[in-house]
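Please view the sequence and structure below before reading on.

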Amino acid sequence: MMTFLGNLLLLVGGLFCLLGALGLVRMPDVYNRIQAGTKAVTMGSLCILAGVGLLYPTWWPKLVAVALFILLTNPVGSSAIARALYRSGIRPWHKAGEEES
Amino acid sequence: MTEPMVLLPLLLVGAGVLLALGRLVAGPTAPDRVVAADTIAVITTAAIVLLAAAFDSALYLDVALVYGVLAFVGVVAIARAIEGGP
């Protein structure tokens, strides 16, 4: 049962990583790409870490360390990139014909 | 215990890295490339943990942790460089 759950979590995590990268390709703007590339990939990585933890119960401490690290640094890094972009003068994308507010 | 089924997740993760690599190569501006590199780094951290499960060796977890730390420092440094200023 634990093995099945772990394998399922690994699959879900891999799928989320793939979808995040797909969003990175498909989105129209840098800010949208930051969204797709950070949120979905964070979710996928945490799913993969939890799945490996279910498959190998003795690895929990190191896996928790890696998971905490991803959870802490990934949002910080993406928000640092977004702030740098905004300060260097790149404005968010608008649909054609929409007035800039 | 039965062998963990890591081949399919590794294929999915590898396809994700390839897609992000396409954005890294084709990205119109430098910020696009930075975002793509950040995403590739996080996906690679997860992939190294998958490799630890595939090779049944806990040594790779340390590699994943150090890789994540170095990638984060690099991304923040590039963000500072884009921002400019003092």
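## A salt bridge between the chains

In this predicted model, Asp32(B) forms a salt bridge with Arg33(A), and their closest N and O atoms lie 2.4 Å apart; a salt bridge here is a side-chain nitrogen of Lys or Arg within 4 Å of a carboxyl oxygen of Asp or Glu. Between chain B and chain A, the count is 2 salt bridges.

Residues are numbered from 1 along each chain as its sequence is written, while chains are lettered from A and ligands numbered from 1 in the order in which they are written. Local features need pLDDT of at least 70, side-chain atom pairs count only at pLDDT 80 or more, totals for chains, interfaces and linings use all residues, and side-chain values use heavy atoms, with hydrogens and water left out.

## The interface

Contact, meaning heavy atoms within 4.5 Å, joins 44 residues of chain B to 43 residues of chain A. The area buried between chain B and chain A, that is, the accessible area (1.4 Å probe) that two parts lose on being put together, summed over both, is about 3800 Å², and carbon and sulfur atoms give 77% of that area. In chain B, Leu12(B), Arg23(B) and Glu83(B) lose the most area to chain A, together 14% of what that side buries.

## Helices across the interface

Leu10(A), Cys17(A), Ala21(A) and Leu24(A) in α1(A) meet Val35(B), Ala36(B), Thr39(B), Ile43(B) and Leu50(B) in α2(B), where helices are DSSP runs (H or I, at least four residues) numbered from the N terminus. The residues of this contact divide into 8 nonpolar, 1 polar and no charged, with Ala, Val, Leu, Ile, Met, Phe, Trp, Tyr, Cys and Pro counted as nonpolar, Asp, Glu, Lys and Arg as charged, and the others, Gly among them, as polar.

Notes. Helices (H or I, at least four residues) and strands (E, at least two) are DSSP runs, numbered from the N terminus.
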